[in-house]
Amino acid sequence: MIAFEAVRAAARRAGLSAVGWFHPLPDDGVPDGGQTLVLLGPDGPDMWSAFQAAPEAADGAPHSMDRWSQRIINELAGETGASAFFPFGGPPWQPFQKWAARGEGARSSPVTMQVTAERGLWTSYRGALSFRERLELPPCPNTDPCLTCPAPCLTACPVDAFASGSYDVPTCVAHMKSPEGRDCHNGCLIRMACPPGRAIDLPDDQRSFHMAAFLRANG
């Protein structure tokens, strides 16, 4: 049986990070009777470097990041004896938000997006590895970063896209397409205002890549 630290090391070599983990219960919706689930997310700027060096980044086909993630995580699954699952490509859609709450202590922020103590509002997942064995796991991070936070996220959006209590995508997109929305092309100002997330030093071109993908998907 593979050790959790070996799984974490294999993910890091691929440019990813084991960002959450837990032993599933029957109502967690983990397929095929998995006994251990490890959530995989960006390993800071290392993921961006690994992606840029990959063929998917240069082939001009759509969904390059998702296709890279799928290839890399399927390779990790083969290396570690796991099954791979993804937050894209459905149906069926896997319950990644529920898994994030169990595995990384993710919870709803004042602007409704999921937030964690380690990554703030930069919380995202490229995939997950499910093991039939019950691996020995370290404690799950489970601190609520919003309890003592002054909530700068609530005032960071120049068009108050979350003022209604849900994400007003058309207002956000319209602002980004206007001359006044240029700053938002370098990364969501709400995410960058979140105090825990300020330690996540993403390259400018990585933030711009994701914002451009968002515009393509919602334009």
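## A viewer tour: salt bridges, a sheet and one arginine

Start by selecting E56, R71 and E75, which are joined in a network of salt bridges. A salt bridge here is a side-chain nitrogen of Lys or Arg within 4 Å of a carboxyl oxygen of Asp or Glu. The general idea is simple: side chains of opposite charge can pair when their charged atoms come close.

Before you click on, some ground rules. You are looking at a predicted model, where local features need pLDDT of at least 70 and side-chain atom pairs count only at pLDDT 80 or more, while totals for chains, interfaces and linings use all residues. Residue numbers run from 1 along each chain as its sequence is written, and side-chain values use heavy atoms, with hydrogens and water left out.

**Stop 1**

How many salt bridges does the structure hold? There are 10. Pick D66 and R126 next: their side chains meet in a salt bridge, 2.5 Å from N to O. D66 sits in helix 3 (residues 64–80) and R126 in the loop between strand 5 (114–115) and strand 6 (127–131), so this pair ties together parts that are 60 residues apart in sequence. (Helices, H or I with at least four residues, and strands, E with at least two, are DSSP runs numbered from the N terminus.)

Buried means under 20% relative accessible area, exposed means over 50%, and partly exposed is in between, using a 1.4 Å probe and protein chains only.

Now select D144 and R107. Their salt bridge has its closest N and O atoms 4.0 Å apart. This pair also links distant parts of the chain, with D144 in the loop between strand 6 and helix 5 (153–156) and R107 in strand 4 (residues 107–108), 37 residues apart. Both partners are partly exposed: D144 has a relative accessible area of 23% and R107 one of 24%.

**Stop 2: R207 and its surroundings**

Jump to R207 in helix 8. The side chains of R207 and D204 form a salt bridge at 2.6 Å, N to O. Why are these two about one helical turn apart? Because they are three residues apart in helix 8 (residues 204–218).

R207 is buried, at 15% relative accessible area. Show its polar contacts too (pairs of N or O atoms within 3.5 Å; within protein, one must be able to donate a hydrogen and the other to accept it, and residues adjacent in sequence count only if both atoms are side-chain atoms). The R207 side chain reaches the backbone oxygen of N186 at 2.7 Å. Leaving aside residues up to four places away in sequence, R207 touches W122, H185, N186, G187, M192 and L202. Contact means heavy atoms within 4.5 Å.

**Stop 3**

Switch to a cartoon view and look for an open sheet of four strands in the order 1-2-6-3, with antiparallel pairing. Which strands are at the edges? They are strand 1 (16–22) and strand 3 (83–85), each pairing on one side only. Neighbouring strands of the sheet are turned by 30 degrees against each other on average, direction ignored.

Two strands count as paired if DSSP finds at least two bridges between them. Walk across the sheet:

- Strand 1 and strand 2 pair over six bridges; A18 stands opposite L40 in strand 2.
- Strand 2 and strand 6 pair over five bridges, and T36 has F131 in strand 6 as its bridge partner.
- Strand 3 and strand 6 pair over three bridges, with S83 partnered by S130 in strand 6.

Colour strand 2 by accessibility: seven of its seven residues are buried.

Next, bring in the helices. Helix 4 (residues 96–104) lies across strand 1, strand 2, strand 3 and strand 6, running at about 85 degrees to strand 1. Axes are lines fitted to C-alpha atoms, for helices over the stretch in contact, and angles run from 0 to 180 degrees between N-to-C directions.

**Stop 4: the cysteines**

How many disulfides are there? The structure holds zero, a disulfide being a pair of cysteine sulfur atoms within 2.5 Å. Select C153: the nearest cysteine sulfur, that of C149, is 6.4 Å away. C153 is buried, at 7% relative accessibility. Finish at C188, whose sulfur is 6.8 Å from the closest cysteine sulfur, in C172, too far for a bond. C188 is buried as well, with a relative accessible area of 19%.
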